[in-house]
Amino acid sequence: MGKGRGDDEKKEEGGEEGGEEKKKGGCCLCQKCQNAAPKGDPDAAMEGDEEKDNPATKPRSHTDLLALILYGFTMFVMTSIGGQAIATGNARALISPVDYEGNICGVDGPVLNKPYGYLLTKNLDIICLKECPKKTRFTTDKQAYDNMICMDESVDDGLKNTDEYSADWYGFQALFNEGEGPCNFEIASYAVGYYWWVV
């Protein structure tokens with residue numbers, strides 16, 4: 001069948017519309033891009049928008065000056081406190097053992113020359129020593145009190161001064177009392193930090 005005049009007119013109208021879309025840059029472009037971009041170059045418009053919205057290219061200024069001042073003041077105060085602590089304090093007090101009387105071994109006056117802590121009881125009572133025992137001492141040639149490390153104030157005088165004919169001469173059990181007495185056996189050990197450790 002032959003083509004009618006109407007078909008030719010539709011083609012002409014379609015051709016004109018297609019040409020018009022091409023001139024506008026395509027039907028999918030937004031109005032902003034159509035106005036900003038050179039004709040037929042939508043990518044240039046998009047690049048321009050990205051450059052405009054890029055935070056790295058925006059002018060910058062102080063946004064919270066008060067917070068900066070408060071931060072600087074806080075740092076000054078904390079530095080001052082730290083300097084005062086270093087000048088007047090003793091960092092060893094943080095890591096040194098404390099004896100049963102509350103003295104810090106190697107720091108406080110009564111135990112200044114005794115930096116090591118030796119555990120005496122299962123209640124974690126500690127006594128300060130100049131050095132850790134190098135040998136395990138357990139002999140009947142001396143009275144029990146002289147064989148052990150003790151909290152002297154807590155030991156009965158009867159156990160301190162005995163003779164080999166007295167039962168108290170062998171009073172190890174009375175002094176140790178299953179870890180609850182005032183004394184512990186002198187056991188060979190070495191120091192870990194300022195604490196004793198059994199070899």
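## Note on disulfides, hairpin and aromatic rings

1. With -75° about the S-S bond, the link of C105 and C128 is left-handed. C105 sits in the loop between helix 4 and strand 1, and C128 in strand 2, so the pair ties together parts 23 residues apart in sequence. The two sulfur atoms are 1.9 Å apart. A disulfide is taken here as a pair of cysteine sulfur atoms within 2.5 Å. Both C105 and C128 are buried; buried means under 20% relative accessible area, exposed over 50%, and partly exposed in between, with a 1.4 Å probe and protein chains only.

2. Basis of the note. This is a predicted model: local features need pLDDT of at least 70, side-chain atom pairs count only at pLDDT 80 or more, and totals for chains, interfaces and linings use all residues. Residues are numbered from 1 along each chain as its sequence is written, and side-chain values use heavy atoms, with hydrogens and water left out.

3. Confidence. pLDDT is the predictor's confidence in each residue, from 0 to 100. The chain averages 75, and 71% of the residues score at least 70. Helices (H or I, at least four residues) and strands (E, at least two) are DSSP runs, numbered from the N terminus.

4. Over residues 15-25 pLDDT stays under 50. The model has three contacts for this stretch beyond four places in sequence, a contact being heavy atoms within 4.5 Å. Where pLDDT is low, the predicted coordinates should not be read in detail.

5. Strand 1 (residues 116-119) and strand 2 (residues 126-129) pair in the antiparallel sense, over four bridges. Strands pair if DSSP finds at least two bridges between them. Y118 has I127 of strand 2 as its bridge partner. Six residues lie between the strands, and L124 in this hairpin takes a positive phi near 70°.

6. The other disulfide. The structure holds two disulfides. One of them joins C150 to C183, with S to S at 2.0 Å. The torsion about its S-S bond is about 115°, so this disulfide is right-handed. C150 belongs to strand 3 (residues 148-150) and C183 to strand 4 (residues 183-185), so the pair ties together parts 33 residues apart in sequence. Both C150 and C183 are buried. With the bonded cysteines numbered in sequence order, the pairing is 1-2, 3-4.

7. Another cysteine. C132 has a relative accessible area of 10%, so C132 counts as buried.

8. Aromatic pairs. The structure holds two. The rings of F172 and F185 have centres 6.1 Å apart and planes at 25°, so the pair is stacked. This pair links distant parts of the chain: F172 is in helix 7 (residues 172-176) and F185 in strand 4, 13 residues apart. F176 and F185 also form an aromatic pair, this one tilted, at 5.3 Å centre to centre and 45° between the planes. Rings of Phe, Tyr and Trp (its six-membered ring) pair if their centres lie within 6.5 Å; planes under 30 degrees apart count as stacked, over 60 as edge-to-face, and the rest as tilted.

9. The ring cluster. Ring pairs link F172, F176 and F185 into a cluster. F172 is buried, at 10% relative accessible area. F185 is partly exposed, at 23% relative accessibility. F176 is also partly exposed, at 23%.
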